[in-house]
Amino acid sequence: GLRVAGDPDAPVRTVAVCGGAGDSLLGAARAAGADVYLTADLRHHPASEFREAGTTALVDAAHWATEWPWLRDAAGLLGETNVETRISAANTDAWTFRSREGST
C-alpha cells in the first residue's frame, strides 16, 4: 500500500527516491528541489512538519517494497567492479496482510 500527502493536481517534474526508511533525508529531498519524495517508514510528526513547511509531496511505501526493485540494478553495477553479489529470493517484508480500499 501507499500513503500519499500532497496536491494530486500539482505537476511533477522531479522525484527524489530513498529505498528503505527515509525520514532522515526529508531535508535533502526538499533541497534537491524534488516535487515528490518517495520513501518508506515515514513517521507522523516528521511527515506533517515537512508538509507544513513546503509543497514537496510525499509517497510513503512499504519498506521492503522500496528496496527490492533496484537490487538487480545495484548488483549489476557492483559486478562491473568485480564485486560478487547474491540477491536473496526471500521475501523479508514484515507485513503479511494488507487491507484494500473497498474491502470488508
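Okay, let's start with a pair of strands: E2 and E3, residues 36–40, run parallel to each other and are joined by four bridges. Strands here are DSSP runs of E with at least two residues, helices are runs of H or I with at least four, and both are numbered from the N terminus. Two strands pair if DSSP finds at least two bridges between them. As an example, Ala21 has Ala40 in E3 as its bridge partner.

Before I go on, this is a predicted model, so to speak with its own rules: local features need pLDDT of at least 70, side-chain atom pairs need 80 or more, and totals for chains, interfaces and linings use all residues. Residues count from 1 along each chain as its sequence is written, and side-chain values use heavy atoms, without hydrogens or water.

Now the whole sheet. Four strands make an open, mixed sheet in the order E1-E4-E3-E2. At the edges sit E1 (3–5) and E2 (15–21), each pairing on one side only.

On to pockets. A pocket is an open set of points on a 1 Å grid over the protein atoms alone, where a 1.4 Å probe fits, with protein on both sides within 12 Å along at least five of seven lines; lining residues have an atom within 4 Å of a point. A volume is the space filled by probe spheres set on the points, which are joined across faces, edges and corners.

The largest pocket is about 440 Å³. It has 17 lining residues, with Gly1, Ala61, Ala62, Trp95 and Arg98 closest to its centre.
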